[in-house]
Amino acid sequence: MTTYTLQHPEKGLISYTDKKRYLWLSSVFMPIFPMLGILAYFATGSEWALGLPIFFSYVVIPFLDWGIGSDEDNPPEEIVPQLEEDRYYRVLTYITVPMHFIVLIAIAWFVGTHDLSVAALLATAITAGMYSGLGINTAHEMGHKKTALERWLAKIVLAVPAYGHFCIEHNRGHHTEVATPEDPASSRMGESIYKFALREIPGAFFRGWNQEKVRLERQGRSVWHWKNDILQSFAISAVLQLGLIYAFGWIMIPFLLVHNVWAWFQLTSANYIEHYGLLRSKEESGRYERCQPHHSWNANYIFSNIVLFHLERHSDHHANPTRRYQSLRNFDNLPELPNGYYGMYMIAYIPWLWYRVMDKRVLALPHINGDLSKVNIDPDRRDEIYARFGGGGQSPTTPLAA
Amino acid sequence: MAIYECPGCHYRYDEELGDEHEGYPPSTLFENLPDDFICPDCGVRYKEDFERVSDS
Ligand SMILES: [Zn+2]
């Protein structure tokens, strides 16, 4: 295993070995997992086998996170430049890009050439969508980087789930407005994931489109110019998905529809749990304070982190978005999720359970300490939440005045 | 002409070069960037956070 060393003038010899170095390969192989469902179907002849990848993600992974536990190690800050320069880590992200295309085409071939029941078709489309959702995760890692190659690969992989606006919307929109009531991609206390999805999916699209429009207009170009990064990605989506319909027939239309929506819903799920209830305060200048680590929920669970390129170390990511996945840090006193992302998704899909698990955690955070004026609350449920948690206090009429 | 740097991610805005991708042509002065300019790379730091690092 590679050990990085550095002779520091005050601290002496610093050395660091990344214990997760080869575990990151899991993020590369995760997209293959849906194929195992299909192989199991061929081996057993049972359509139930097609549900295995769903079972694995939503049931087995939460147990693995619970059983294997968390890793709070950080690389020494002095070593981070070497760690970021090590090309091994970024090559892993590159490899996932063609894999997403191959996996979708292979699953489409399977659906197009086998006579499946409606339930089996649905399970296969959801599985495909779950893994294309991981493509959004890969695009997320690469879209934050400064190299032209990584930004291009991000645009290309986003074509698989037809979510070409993501990088622009995410970097320019979500990152600047995160943990504020204005952000359609930050969930509010009392807002169910289903209500959030209807705000997030269209809100993110229009915000991304408007940002691209403003950028192109500054260049003196129309938003419909071929240099529009969103249109470029959607053009690849059109070639891919129309090609699949041409090759495998009308069955591809419901299949791709479910696939796309489920992939988007994976992102919605991640956004929902990443900032639930958290709120940046407004400064006197009228601007929000800069994003701090306590404006994101963090999770250090080993298993779900190694299949998601460290996405769950989200607090450091938002405070330092260009940092590469291998060098993201844990901090003390962060808002901590009680399970990894997949386990939290399952809880989020049952809203009453989510509120039970999370609302008390929001209020117990040291920077909130029960003060509802420091929480991002769903305006429709404000009075109800104040009555329940506000010690009988009245909901203020201008709740966001700092 | 000067260079300004984002203290968070070290993105550099060089007035001489501008930033073509962002739509700021060469010789666009930093002070003439929009007031709501946010670091195009990290999206965390505001215009007033940028540090002047050198004259060119
Ligand atoms: Zn920056």
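**Notebook: zinc site, pockets and cavities**

I began with the metal: the 4 donor atoms around the zinc ion subtend angles of 104 to 114°, which makes the arrangement tetrahedral. The cut-off I applied is that four donors count as tetrahedral if all angles lie between 85 and 135 degrees. I note here that this is a predicted model.

**Entry: the zinc donors**

I looked up which protein atoms hold the zinc ion, and found the SG atoms of Cys6(B), Cys9(B), Cys39(B) and Cys42(B). These donors lie 2.2 to 2.3 Å from the ion.

Cys39(B), with a relative accessible area of 1%, is buried. The cut-off for buried is under 20% relative accessible area.

**Entry: two residues of the S2-S3 loop in chain B**

I checked Thr28(B), which is found in the loop between S2 and S3 of chain B. Its relative accessible area is 14%, so I list Thr28(B) as buried. Leaving aside neighbours within four places in sequence, I find Thr28(B) in contact with Tyr13(B), Glu15(B) and Leu33(B). I also took the C-alpha separation of Thr28(B) and Asp41(B), which are 13 residues apart along the chain, and got 18 Å.

Next I checked Glu31(B), which lies in the loop between S2 and S3 of chain B. Glu31(B) counts as exposed because its relative accessibility is 62%. Not counting residues up to four places away in sequence, Glu31(B) touches Glu15(B) and Lys47(B).

**Entry: the largest pocket**

I moved on to the open spaces. The largest pocket holds about 1,300 Å³ of space. I count 46 residues in its lining, and those nearest the centre are Ile168(A), Arg172(A), Gln211(A), Arg215(A) and Glu22(B). Which elements give two or more residues to this lining? I find helix H7 (148-157), helix H8 (166-177), helix H9 (193-218) and helix H10 (229-248) of chain A. By class, the lining of the largest pocket divides into 14 nonpolar, 14 polar and 18 charged residues.

**Entry: the second largest pocket**

The second largest pocket contains about 430 Å³ of space. Its lining has 22 residues, and nearest its centre I find Glu84(A), Lys146(A), Thr322(A), Arg323(A) and Cys9(B). Cys9(B) is also one of the zinc donors. Helix H4 (residues 80-85) of chain A gives the largest share of this lining, 4 residues. I sorted the lining of the second largest pocket by class into 7 nonpolar, 6 polar and 9 charged residues.

**Entry: cavities**

How many cavities of 30 Å³ or more does a search of the whole structure find? I have 8 on record from that search.

The largest cavity has about 190 Å³ of space. It is lined by 18 residues, with Gly133(A), Asn137(A), Leu267(A), Ala270(A) and Leu311(A) nearest its centre. I find at least two lining residues from each of helix H6 (118-143), H8, helix H11 (252-274) and helix H14 (341-348) of chain A. H6(A) gives the most, with 6 residues. The lining of the largest cavity divides into 10 nonpolar, 7 polar and 1 charged.

The second largest cavity has a volume of about 90 Å³. Its lining has 14 residues, and His140(A), Glu141(A), Phe309(A), His317(A) and Leu328(A) lie nearest its centre. H6 and helix H13 (314-319) of chain A each supply at least two residues here. I note that H6(A) gives the most to this lining, with 3 residues. For the lining of the second largest cavity I list 5 nonpolar, 6 polar and 3 charged residues.

Terms used: Residues are numbered from 1 along each chain as its sequence is written. Chains are lettered from A and ligands numbered from 1 in the order in which they are written. This is a predicted model: local features need pLDDT of at least 70, side-chain atom pairs count only at pLDDT 80 or more; totals for chains, interfaces and linings use all residues. Side-chain values use heavy atoms; hydrogens and water are left out. Donors are N, O and S atoms within 2.8 Å of the metal (3.2 Å for Na, K and Ca); water is not among the atoms, so sites may look incomplete. Four donors count as tetrahedral if all angles lie between 85 and 135 degrees; four count as square planar and six as octahedral if opposite donors are over 155 degrees apart and all others between 65 and 115; anything else is irregular. Buried means under 20% relative accessible area, exposed over 50%, partly exposed in between (1.4 Å probe, protein chains only). On a 1 Å grid over the protein atoms alone, a cavity is a set of points where a 1.4 Å probe fits but cannot get out, and a pocket is an open set with protein on both sides within 12 Å along at least five of seven lines; lining residues have an atom within 4 Å of a point. Grid points are joined across faces, edges and corners, and a volume is the space filled by probe spheres set on the points. Ala, Val, Leu, Ile, Met, Phe, Trp, Tyr, Cys and Pro count as nonpolar, Asp, Glu, Lys and Arg as charged, and the others, Gly among them, as polar. Contact means heavy atoms within 4.5 Å.
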